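Please read the following note alongside the structure.

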Amino acid sequence: MNLVLRAVAAIALLLCGLAHGREPSVPAAGGSSTTTLESREAYSQPSQALPPALLAGFFAGRSLFRQVWIIAPALDGEVDGLGPTFNRASCLACHLKNGRGGAPESHEEPLRGMLVRLSVPGIGPHGGPVPHPVYGDQFNDAAIPGVQREGRVAIDWIRHDEVLADGTIVELRRPVVSLAEPGFGPPGDDILLSPRIGAPVFGLGLLEAVSEKTMRELAARAKPDGVRGRVNEVWDHSLGRTVIGRFGWKANAGTLRQQIASALLGDLGITSTVLERENCPPAQRACADAVNGGTPELSEAQLQAMVLYHQALSVPAARTHDDPAALRGEQVFHRAGCGSCHLPQLTTGTHEQHAWLSHQPIAPYSDLLLHDMGEGLADDRPDYLASGREWRTPPLWGIGLTALISERESYLHDGRARSLIEAILWHGGEAQAARERVRALPAAEREDLLRFLRSL
Amino acid sequence: MMRWLGALVLSCICTFGAHAAQRVVVVTSYAQEVISRMEAEFTRANTDLALDVIWRMPRDAMPYLESEAGKTVDVYWAASGRNFADLAEQGLFAAQPDLAAALPATLAGFELSDQKARYMASEVALYGFAINPEYLARRGLPEPASWRDLADSRYRGHLLFPLPSRVGFAPLMIEALLQRMGWTGGWALLSEIASNARLWSPGGAFITEEVAAASKGVAVTIDFFAASAIANGAPMRFVYPDVLAVSPGHVGILRNAPNAQGARRFVAFLLSEAGQRALLHPDVRKLPVHPDLFKEADAPAFDPYAAPLPAGWRYDARRGAVRLAVDSAVFDALITAQGAAHARLWQALRAARSAALARGDAAALSLVARVQASALRPPIDEAQSHSPEIREGLGGRAVRGGTEAPPEASALSTQWQSAIARQYADAVARLEASGLLAEDWSSQAGVKQ
């Protein structure tokens, strides 16, 4: 057998191997793309539904996601072109083990799993934010040698105590973001900042397969407690039209292809077939003059592999069923009204490329809709239809493995919450009633609720 | 007890506050997990410093460090002994005798830090076998403990072996085995092991994932891949075999480092107790260089400093480094390029040897041994393997000694391949003529690879 054939045979074998010994998962969090693995690799498993012929593409995508990109020119021409300005040199840096990033603890600590989106007031050509004229739409705190970095982000924390009905005190903190050492002068008073941590990247193929019709029906449906929910509508460069928003903390990207191409350009400075021009605002001359790693730097085949990788990452199965406390907590979750937004059950529609993602009953604990979360969480930076107070309900699947996999807990869009209870206590606006019910819970029931979340 | 370096650098922690963090520019080829962990630990203790990491594969790092851009670099930190030796020879490193003083000179016969302290070992990786115990138990196979064990035909179809011309970490392992077992004996053993194995190259599943998923029972690999997978829950064990091969990772401060003070603090951190402990993280799992760490309660289970070694044996890193690409080309000529003919050769040799043994026929046994020796004769002898003409003839990567470039066909390598093909065909013909092989020998016991 020649080497290529052997490799294919091996991959097929591997697939059998991966499938071997799996028990049918009871609550199929991700439908046929569910893994029962509970280890630190639980966010990194290829879907068992992925056709064997696509496994090679999945691995190619994985290797690009793990790649630390190289400054051009380089002998490794397939993976060069980092920058000129960027945030981190690999996707993995902000999504370690495919999990979430986090916020720095102190003023001095650099951002490692986080970035700051920028804009000025107004509405851009496709309905999106207006980039800052000097610093663009994202603050790049790193640059290749010879190019000026945009500066440094410093985070300070303002802390206060919340007292729950049973007297328990929980310390909450919120970040104050400042742009230190600005490379191109003071950014001006009208700059709008939105600090965001890296979001987990598994299960996204399924979310991509949720139909627009479903999302619009969810938005229109009557909900208790004054909960509303609406869809974001965002520009998709690849499709050249406005689509419904699904990804990012404000549902500010509609397709994985768009989300990944934006991450490549905005976070790493890698151009692709979707976003072909380097990310150099007009004021940044050295940036525009820097050597690039090809036009575009990422080939179409590489982009497709990265998209496939994200589409095929399985969701960890919930571990609720064999834990009585978690089962009690599930009741509390629904009684408190969490399920109005963190919807336990959805069914995917027809995925245009991949039948194996279609028509799957899934348990994302999200409606993918935007909700007004109150003043406490507001970033005051509109993002397409999302106002400064609105955020997309993040899926809660797999959230119980955060401490194990990411080795620290960082919840909410800016990583301010260091525990699940902190995350809940920040809920305001449409989620205020739910939060108040949690605040009023007896300690035992509160523990059950948290136990339930940790079993997801 | 060996003194830790931590205290040494305390004296130079500068004042900080509103000032911009000073930057330390580090060129590396480590994986993101390793970089992230070390960066986090380092900057936690050194809040006035920030790391700028420039990533380059070893073969790509050399031209970068030698160019103008290299003058902006403070530290080179990578697992590439050849690059460090070359850069030291060019006088590009500033020696750090005080930082090197606390480190042992050798491990298992392998030189760790440069004798002149121009670069220091910061971690080590060793080669061995990642095994899936359940896979082996289900097939009644014992767990291999030595390289010789892997040559046992019982493992046929159950092994994965890294293809040296495509897998960056493999050539050093091959070279170490050749130095320890001799050129001819080493190749004979490698050939026999490879006859049991499927050759693995990157691009698909990780070599350890294949073992964890039980597509094979044993993979020859470097320890940290396996140790990290095991620490993260993979159902495997890692076996350190009888002959150890060590791949040290090094760090050195560039002579023109713009931030020499910051560079020293980074290097001192890597060699300090905190830096060495950070290596034990589940996502890193490299072995520390500090012998003291192996004596502590949470130490790695295997202490390479305690492993037995033939008296006086030393790995010759200098000679080894220039021969790595030659080794890969020989491996390809003897094994990779021969494909099924290589498998068929071993099938014939094994069948003939069994027949000779069954008949108790000493003359036949010695005939098989002679046939085997001539079949497995490498295309060049030991002296030639060191010759610059051979490296020139192979071209490309071989000239400089790099390891990761994909194999390029050269007139010489093509010539080797056809010579070896003839050797194998002759051997099989001689065995067929010896009367030791049954009529249908080649259709028997054909284990799919």
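1. Over all chains of this predicted model, the count of aromatic pairs comes to 29. A pair of aromatic rings is described by the distance of the centres and the angle of the planes. The points below apply both values to individual pairs.

2. Consider the pair formed by Phe65(A) and Tyr309(A). The ring centres are 5.5 Å apart and the planes meet at 45 degrees, so the pair is tilted; an angle over 60 degrees would have counted as edge-to-face. Phe65(A) belongs to helix H2 of chain A and Tyr309(A) to helix H8 of chain A, and the pair thus links distant parts of the chain, 244 residues apart. Both Phe65(A) and Tyr309(A) are buried.

3. Phe129(B) and Trp147(B) form an edge-to-face pair, with 5.1 Å between the centres and 85 degrees between the planes. Because Phe129(B) lies in strand E6 of chain B and Trp147(B) in helix H7 of chain B, the pair ties together parts that are 18 residues apart in sequence. Phe129(B) is buried, as is Trp147(B).

4. Aromatic residues also occur in a group: one cluster is made up of Tyr30(B), Phe42(B), Trp77(B), Phe266(B) and Phe269(B).

5. In chain A, the charged end of Lys250(A) is placed over the ring of Trp391(A), 3.8 Å from the ring centre. In chain B, the charged end of Lys286(B) is placed over the ring of Phe224(B), 3.5 Å from the ring centre.

6. Which residues have the most contacts inside the largest nonpolar core? They are Tyr76(B), Trp77(B), Trp147(B), Phe161(B) and Trp416(B), in a core of 211 residues. Strand E6 of chain B, residues 120-131, gives the most to this core, with nine residues. Apart from it lies another core, of 47 residues, which includes Leu179(A), Ala363(A), Ala417(A) and Leu449(A). In soluble globular proteins, nonpolar side chains tend to be buried together.

7. The largest cavity holds about 530 Å³. It is lined by 34 residues, of which His342(A), Met373(A), Pro394(A), Leu412(A) and His427(A) are the closest to its centre.

8. Where does the largest share of the lining of the largest cavity come from? Helix H12 of chain A supplies it, with four residues. Strand E14 and helices H11, H12 and H13 of chain A each supply at least two. By class, the lining has 23 nonpolar, six polar and five charged residues.

Notes: Residues numbered from 1 in each chain as written. Chains lettered and ligands numbered in written order. Predicted model: local features only at pLDDT ≥ 70, side-chain atom pairs only at ≥ 80, totals over all residues. Heavy atoms only, no water. Core = buried A, V, L, I, M, F, W, Y, C linked by side-chain atoms within 4.5 Å. Buried < 20%, exposed > 50% of the residue type's maximum accessible area, 1.4 Å probe, protein only. Phe/Tyr/Trp six-rings, centres within 6.5 Å; stacked < 30°, edge-to-face > 60°. Lys NZ or Arg CZ within 6 Å of the ring centre and 35° of its normal. 1 Å grid on protein atoms, 1.4 Å probe; cavity = no way out; pocket = protein on both sides within 12 Å on 5 of 7 lines; lining within 4 Å. Points joined across faces, edges and corners; volume = space filled by probe spheres on them. Nonpolar A, V, L, I, M, F, W, Y, C, P; charged D, E, K, R; others polar.
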